[in-house]
Amino acid sequence: MAKNSHPDPSLEVRIELAEIARRMFDRKLLDMAGGNLSARCGENIVISPRYAGSKKHWQLKPEDFIEGRIDSDDLLEDPRFSREGKAHLAIYRTLPIVNGVIHAHAFHVLPFAAQGKPIPPVLEGTQKFGTVPVAPYAPTQSAELAANAVQLLKVQEGALRAQAAAVILPTHGILIAGKDIWAAADALEQIDWNAWCLIAGKLLD
Ligand SMILES: [Zn+2]
C-alpha cells in the first residue's frame, strides 16, 4: 500500500502499525507473550492494545489500536491500554525527536536481557546504534522502569538523530525509540541480528 494515501492520518498510522506488527511477529522480533508498538500522530499516541500478542497473535486491525493525548494520563484509564505502555508515553513526552516506539521480546535479544548484558555493535550497519545499554532493574510496568529507560535513551543523542536508540530491559526485553516507526522497526531487526552474531560468534571460537 502506498504511503500517505489516506486523508485520515490516524487511520494511515494504524494501517502501518498493523502491517509492521505482523511482519515483526513473523520474524520473531515480537512474540506472543507481550510487547507493544506505537507512533506519534500529532498530539496523540496510537498504540497497540493489551493482549495483542497473547490473544491476537499480532494479527491486528486498524481499529484494534488505541489512541489518546500524549500530554494526559487519560489513556492509563482505558482497560485496553497495554500495561507496558507507560514507557511509550514517557518517551514521547521527553524526546520530541521520537515518533515511533517498539517494546519487544525479540528472539536473539532475549539471552542478553536474561543475562543483563549490553549488546555491542559487531556489524558495520549497527555501529550507528553504539552499544545498547542495560537499564537498571525495576519491576515491569513500573514508572521507575520507564524513567530509567528514558534516561538511557536521552543520552544516546547521536543514535537518535541517526535513526533510533535502544535500551535492554533486564530479564525482560528491549525498548527502541526511533525517528519514526519504520526507523524503530529497522533498528530492532538490525540489533536482533547483531545479537545473533554475538551468540553465533561464540560457536566459532
Ligand atoms: Zn514486555
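Isoleucine 176 is in contact (heavy atoms within 4.5 Å) with Gly100, Val101, Ile102, Ala164, Ala165, Ala166, Ala184, Ala187, Leu188 and Ile191, leaving aside neighbours within four places in sequence. The model is predicted, so local features need pLDDT of at least 70 and side-chain atom pairs count only at pLDDT 80 or more, whereas totals for chains, interfaces and linings use all residues. Residues are numbered from 1 along each chain as its sequence is written, and side-chain values use heavy atoms, with hydrogens and water left out.

Ile176 is among the residues with the most contacts inside the largest nonpolar core, as are Met24, Leu37, Ile102, Ile174, Leu188 and Ile191. This core has 38 residues; a nonpolar core is a set of buried Ala, Val, Leu, Ile, Met, Phe, Trp, Tyr and Cys residues joined through side-chain atoms within 4.5 Å. Buried means under 20% relative accessible area, exposed over 50%, and partly exposed in between (1.4 Å probe, protein chains only). Two or more residues of the core come from each of helix H1 (9-26), strand S1 (36-41), S4, helix H3 (110-115), strand S5 (164-169), strand S6 (173-178) and helix H6 (181-204). Helices (H or I, at least four residues) and strands (E, at least two) are DSSP runs, numbered from the N terminus. Another core, of 27 residues, lies apart from it and includes Leu89, Leu95, Ala146 and Ala159.

Alanine 184, in helix H6, counts as buried because its relative accessibility is 0%. Beyond four places in sequence, Ala184 is in contact with Gly100, Ile102, Ala164, Ile176 and Gly178. Serine 38, in strand S1, likewise counts as buried because its relative accessibility is 0%. With residues up to four places away not counted, Ser38 touches Leu17, Ile45, Val46, Ile47, His88, Tyr92, Asn99, Gly100, Val101 and Ile181. His88 and Tyr92 are buried in H2, together with Ala87, Leu89 and Ile91. The packing partners of the buried H2 residues are S1, strand S2 (44-47), S3, S4, H4 and S6.

The zinc ion has as protein donors Glu84 (OE), His103 (NE2), His105 (NE2) and His172 (NE2), at 2.0 to 2.1 Å. Donors are N, O and S atoms within 2.8 Å of the metal (3.2 Å for Na, K and Ca); water is not among the atoms, so sites may look incomplete. The donor residues follow the spacing E-x18-H-x1-H-x66-H. Glutamate 84, in the loop between strand S3 (66-69) and helix H2 (86-94), and histidine 103, in strand S4 (residues 100-104), are 19 residues apart and link distant parts of the chain. Both glutamate 84 and histidine 103 are buried.

Glu84 is also one of the residues closest to the centre of the largest cavity, along with Ala87, Gln141, Leu145 and Leu169. A cavity is a set of points, on a 1 Å grid over the protein atoms alone, where a 1.4 Å probe fits but cannot get out, and lining residues have an atom within 4 Å of a point. Helix H4 gives the most to its lining, with 3 residues.

Conventions
1 Å grid on protein atoms, 1.4 Å probe; cavity = no way out; pocket = protein on both sides within 12 Å on 5 of 7 lines; lining within 4 Å.
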